[in-house]
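Subject: Structure handover

Hello,

Please find the sequence and structure below. My notes on the model come after them.

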Amino acid sequence: ECGGASICVHGRRRSRCRECGGASICPHGRRRSECKECGGGSVCPHGRRQSRCKECGGGSVCPHGRRRSECNECGGGSVCPHGRQRSTCRECGGGSICPHGRQRSTCKECGGAS
């Protein structure tokens with residue numbers, strides 16, 4: 001029935017499987033720690049994920065008030081050497097760029113929305 005001690009029949013961690021009713025899944029189908037309605041520990045008084053809340057001084061927020069990973073001035077990991085989002089930079093071959101050199105989501109040839 002189970003592939004491992006902590007793996008459920010759906011191939012997920014048993015504690016995080018919605019179908020199996022894992023211990024860390026709340027009645028709303030979310031991770032208990034991140035559910036606003038359940039008062040999860042990762043949710044700040046402003047109703048946001050605590051690590052990303054500017055008012056609470058979350059760890060993912062840089063001194064410039066941006067996401068640390070996306071801040072040019074802080075040299076965030078999501079920023080390429082050209083000063084753009086790494087995933088959307090053509091020169092860097094970002095993951096959101098299709099083989100035609102366009103945004104994958106808007107490329108008609110790739111089947112993206114137009």
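The notes cover the domains, the cysteines, one serine and the salt bridges.

This is a predicted model, in which local features need pLDDT of at least 70 and side-chain atom pairs count only at pLDDT 80 or more, while totals for chains, interfaces and linings use all residues. Residues are numbered from 1 along each chain as its sequence is written, and side-chain values use heavy atoms, with hydrogens and water left out.

Domains. The chain is assigned domain 1 (1-61) and domain 2 (66-113); such bounds come from an automatic or database domain assignment. The centres of domain 1 and domain 2, taken over C-alpha atoms, lie 29 Å apart.

Cysteines. With a disulfide defined as a pair of cysteine sulfur atoms within 2.5 Å, the count is zero. Cysteine 53 is in no disulfide, and the nearest cysteine sulfur, that of cysteine 44, is 3.7 Å away. Cysteine 53 is buried at 0% relative accessibility (buried means under 20% relative accessible area, exposed over 50%, partly exposed in between, with a 1.4 Å probe and protein chains only). For cysteine 71, the closest cysteine sulfur is in cysteine 62, at 3.7 Å, which is too far for a bond. Cysteine 71 is also buried, with a relative accessible area of 0%.

Serine 33. This residue is partly exposed, at 34% relative accessibility. Leaving aside residues up to four places away in sequence, serine 33 touches Gly40, Gly41, Ser42 and Val43, where contact means heavy atoms within 4.5 Å. Between the C-alpha atoms of serine 33 and cysteine 107 there are 38 Å, and the two residues are 74 residues apart along the chain.

Salt bridges. A salt bridge here is a side-chain nitrogen of Lys or Arg within 4 Å of a carboxyl oxygen of Asp or Glu.

- Glutamate 34 and arginine 31 meet at 4.0 Å, N to O. Glutamate 34 is partly exposed at 33%, and arginine 31 is partly exposed at 39%.
- Arginine 48 pairs with glutamate 55, with the closest N and O atoms 2.4 Å apart. Arginine 48 is partly exposed at 38%, whereas glutamate 55 is exposed at 54%.
- Glutamate 91 pairs with arginine 84, with the closest N and O atoms 3.1 Å apart. Glutamate 91 is exposed at 56%, whereas arginine 84 is partly exposed at 37%.

Regards
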